[in-house]
Amino acid sequence: MAECFEDGEVIHVVTFWEGDQKGTAARCCYHSCGFVDDEELVAFDYPCQRMVLRVEQAKSDKDFKDLS
């Protein structure tokens, strides 16, 4: 997903608070994509949490040392 964005961009999503059973799958998905928990907030009178992903592109293969 990060390849769709420029280095240094910050992506924000709002999802369920940790511990809310409705958000277990969504939070797991966001965490697996690299998002980290940010501020807790209330949206539409429901407790939520912002999650943030700071985009940093992986270096090309030529920048990595051969470890074999």
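**View 1. The loop between strands S2 and S3.** In this predicted model, Phe44 sits in the loop that runs between strand S2 (36-43) and S3, and Asp45 is found in that loop between S2 and S3 as well. Phe44 is exposed, with a relative accessible area of 85%, and Asp45 likewise counts as exposed, at 76% relative accessibility. The phi angle of Phe44 is near 55°, a positive value in a residue other than glycine, while that of Asp45 is near 60°, again positive in a residue other than glycine. For comparison, most residues other than glycine have a negative phi.

**View 2. Gln49 and its polar partners.** Gln49 has its place in strand S3, and because its relative accessible area is 6%, Gln49 is buried. Its side chain joins that of Arg27 through a polar contact of 3.1 Å, and the side chain of Gln49 also reaches the backbone oxygen of Asp38 at 3.0 Å. When residues up to four places away in sequence are not counted, Gln49 touches several others, among them Val13, Thr15, Trp17, Asp37 and Glu40.

**View 3. The largest nonpolar core.** Six residues make up the largest nonpolar core, namely Ile11, Val13, Phe35, Met51, Leu53 and Val55. At least two residues of this core are supplied by strand S1 (10-16), and at least two by strand S3 (46-54).

**View 4. The surroundings of Met51.** Met51, one of the residues of the largest nonpolar core, is in contact with Ile11, Val13 and Phe35, and also with residues including His12, Arg27, Tyr30, His31 and Asp38, leaving aside its neighbours within four places in sequence.

Notes. Residues are numbered from 1 along each chain as its sequence is written. This is a predicted model: local features need pLDDT of at least 70, side-chain atom pairs count only at pLDDT 80 or more; totals for chains, interfaces and linings use all residues. Side-chain values use heavy atoms; hydrogens and water are left out. A nonpolar core is a set of buried Ala, Val, Leu, Ile, Met, Phe, Trp, Tyr and Cys residues joined through side-chain atoms within 4.5 Å. Buried means under 20% relative accessible area, exposed over 50%, partly exposed in between (1.4 Å probe, protein chains only). Helices (H or I, at least four residues) and strands (E, at least two) are DSSP runs, numbered from the N terminus. Contact means heavy atoms within 4.5 Å. A polar contact is a pair of N or O atoms within 3.5 Å; within protein, one must be able to donate a hydrogen and the other to accept it, and residues adjacent in sequence count only if both atoms are side-chain atoms.
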